[in-house]
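The following exercises are to be worked with the sequence and the coordinates at hand. Each task is followed by a solution in steps.

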Number of protein chains: 2
Amino acid sequence: MKFTCNKDNFSEGINIVLKAVTGKSTIPTLDCIAIETKEGKINLTTNNMELGIKTLVESDIIEEGSILINAKIISEIINKLPDEEVYFESDTNDNVTLKCGKAKFNISGLPSDEFTFLPQIQKTNQVEISQFKLKEMIRQTIFSTSSNDNNRILTGELFEIHGNVFQITSLDLYRVSVRKTELEKSYDSIKVIIPGKTLSEISKILSSNEDDLLNMYFNSNHVMFEFDDTIVLSRLIEGNYYDINKMISNDYETKAVINKRELYGSVDRGILLLRESDKKPLVMNIEENSVCMEMNTKIGSMDESIEIKKEGKDIVFAFNPKFLIDVLKVIDDDEITLYMTNSKAPCFIKDADGTFVYLILPINLSSAV
Amino acid sequence: MKFTCNKDNFSEGINIVLKAVTGKSTIPTLDCIAIETKEGKINLTTNNMELGIKTLVESDIIEEGSILINAKIISEIINKLPDEEVYFESDTNDNVTLKCGKAKFNISGLPSDEFTFLPQIQKTNQVEISQFKLKEMIRQTIFSTSSNDNNRILTGELFEIHGNVFQITSLDLYRVSVRKTELEKSYDSIKVIIPGKTLSEISKILSSNEDDLLNMYFNSNHVMFEFDDTIVLSRLIEGNYYDINKMISNDYETKAVINKRELYGSVDRGILLLRESDKKPLVMNIEENSVCMEMNTKIGSMDESIEIKKEGKDIVFAFNPKFLIDVLKVIDDDEITLYMTNSKAPCFIKDADGTFVYLILPINLSSAV
């Protein structure tokens, strides 16, 4: 195989497919990028067997062919090449020669027939969405997936499409995040669980431009994302997701509207008094026009009051301040609204349009303090 | 003790004295900042017994006193306070109350009589220098101090003053860095070894303004740096430093002038082929108008040629590319000049004015390859 291509294009393509390389594999081919010539372009493919990415790079092909090359090594080399055209050559013994400017590298590759290329997926159940919107919805929910593999369903996010409504849900044992949006068109119903790892990797390569579109295709085992010159293919997580409609209630006894920046500052300062092993809650005393935040740990104590607009009963509510910070980080509004029923029922953070709902379970004060 | 002060001034003062806190001490007072009222200001002091720092913070003192407080905790809290005036109070039981805006913290301190305050040092052997110049000279030499405590002298830098010439030297077993400058005034001769740790910490708090001055004072055991409202006091390393005049020679057989950016790019790419355990050298073939750089490791091989201006013999020279990168990083000139005698003698990188000399030992090619 022989081709030349623009260094920046090559580097960009490699950085995209790198997202499916764990770098921790014991099987050398899983840590490789497959490079093939196809229809006048270079195809770059990576596949860790759960997540696979393929992207195209514009190039001048001199001789057709294919090869596997260690992803980390090729990416480090390409990123440090001078800004000139790259010449790439592989011979029948899988030796690779890279030339760029006056620099010349020789490295060893592997034969491409040892690689598991991405399966051909039928483009069924197509759904179109803005890349930026999907990226934002992932950012606003991914933090409440679980990293514990014991319950695989919790490591993923539930994607649901009903008509023109698209909803992403994630939850762990202490909180739920729901993000909802309207799509341009209506679609048949879809309900799948996508690995959190897939979503956090794909969100890194999605465009931040509202107008750049993406297509998702769903079948029984896979989801495929297609955008620009890139395909991301991921296995789905099997199983039945929790019925969050049972957890989310619209009843409340107390409603409090709080300036987000002030609340963030206060909770952030409270966290300073926590150490790793500490399970101490942040206690919120919601009164007529103010909320008093209190924290009391081995390191010391803090209290601070913030003005609020309140409707309903006074309430005392205790929770893990890190969970509230996670939510405050991803809400872009200047004010947030808390809805609470009593100290033992969840607290909800919702907007008026229903585009997001966050649920945080309380810490039982009598057992915690 | 009671006082109020500007949050930014307090935060800046704490960040300065933090540089002498290792945070790894088994003695709690060594991880503390001593806070005292003195002559209408707040004195902040830290002391890890090798390095001590004292700085003043403007404040309104309401009640005199002193206390010790864990450096990490107070710095985290102060940095996250809102931008308002800070009220600080400690009671007779060493409980500290901090108020700022609507936030209030209570933390425990320690009695200040458990602290080892900085000894009074006679201001002898004063030497004046620009803060920025000292910061630069440290940056340009500190990388070749040794981190291995087995030979303590090598963990420090030699400071020498003779007349109006100030020279800093550092060396490990493979290289030597010498940086020289002229001072505004002339001084009596001084020759001391200052711990590298002291110098790397002090360089973080020195001003980047050429006009901001600093005074150094030397006695048999200590060096004291005095600048702005800050004093840094460090123990010296005892012992006789190596005589680098014996190592540095002005003779050469080959002189090569090379574009620094091109050489940096090439050596940086060569390093990509090294892995931790690898001791493979970068081989430089210096010929009439070019140098060909070659690297050959388990990962692969690289070669690249750069145009040079050469005087004298052709030469082949092999060395650890990381040592050359360290030097190239700190030289600000566009072109650098290498001086070599033969493949077994050191390579020198010097400028025409003698403001710097870097020596790198070769790797014996016959044993390495």
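Helices (H or I, at least four residues) and strands (E, at least two) are DSSP runs, numbered from the N terminus. The model is predicted.

**Exercise 1.** Locate Ile299(B) relative to the strands of its chain, and determine whether Ile299(B) is buried or exposed.

*Solution.* 
Step 1. Ile299(B) lies in the loop that runs between β18 (290-296) and β19 of chain B.
Step 2. A residue counts as buried if 20 or more other C-beta atoms lie within 10 Å of its own. Ile299(B) has 21 C-beta neighbours inside 10 Å and is therefore buried.
Step 3. Leaving aside residues up to four places away in sequence, the contacts of Ile299(B) are Ile73(A), Ile107(A), Leu273(B) and Arg275(B).
Step 4. For a distance within the chain, take Phe115(B), 184 residues apart from Ile299(B) along the sequence: the two C-alpha atoms are separated by 54 Å.

**Exercise 2.** Describe the contact of chain B with chain A, and state which element of chain B gives the most residues to it.

*Solution.* 
Step 1. Chain B supplies 25 residues to the contact, and chain A supplies 25 residues.
Step 2. On the side of chain B, the elements giving two or more residues are α2 (71-80), β9 (103-108), α5 and β19 (300-312). Of these, β19(B) gives the most, with seven residues.
Step 3. Sorted by class, this side of chain B has ten nonpolar, seven polar and eight charged residues.
Step 4. Strand pairing also crosses from one chain to the other: β9 (residues 103-108) of chain A and β19(B) are antiparallel and share five bridges. Within this pairing, Ala103(A) stands opposite Glu304(B).

**Exercise 3.** Find what rotation superposes chain B on chain A, and why the copies are said to meet through the same surface.

*Solution.* 
Step 1. The superposition takes a rotation of 180 degrees with 0.0 Å of shift along its axis, and the RMSD is 0.0 Å.
Step 2. This is the relation of a two-fold axis.
Step 3. Because 100% of the interface residues of chain B are also interface residues in chain A, the copies meet through the same surface.

**Exercise 4.** Give the strand order of the open sheet of eight strands in chain A, and identify which helix packs on the sheet.

*Solution.* 
Step 1. The order is β6-β2-β3-β4-β15-β14-β13-β10 (chain A), and the pairing is antiparallel.
Step 2. Ile33(A) has Ile69(A) as its bridge partner in β6(A).
Step 3. Helix α2 (residues 71-80) of chain A packs on the sheet and touches β2, β3 (41-47) and β6 of chain A. The direction of this helix makes about 85 degrees with that of β6(A).

**Exercise 5.** Trace the pairings of β21(A).

*Solution.* 
Step 1. Strand β21 (residues 335-340) of chain A is joined by six bridges to β16 (residues 254-259) of chain A, in the antiparallel sense. Here Asn259(A) has Glu335(A) as its bridge partner.
Step 2. Two bridges, also antiparallel, join β21(A) to β22 (residues 347-350) of chain A. Leu338(A) stands opposite Ile349(A) in β22(A).
Step 3. β21(A) and β22(A) form a hairpin, with six residues between them.

Conventions. Residues numbered from 1 in each chain as written. Chains lettered and ligands numbered in written order. Predicted model: local features only at pLDDT ≥ 70, side-chain atom pairs only at ≥ 80, totals over all residues. Pairing = 2+ DSSP bridges. Contact = placed C-beta atoms within 7 Å. Axes fitted to C-alpha atoms, helices over the stretch in contact; angles between N-to-C directions. Nonpolar A, V, L, I, M, F, W, Y, C, P; charged D, E, K, R; others polar. Least-squares fit on C-alpha atoms with pLDDT ≥ 70 in both. Buried ≥ 20, exposed ≤ 12 C-beta atoms within 10 Å, placed from the backbone.
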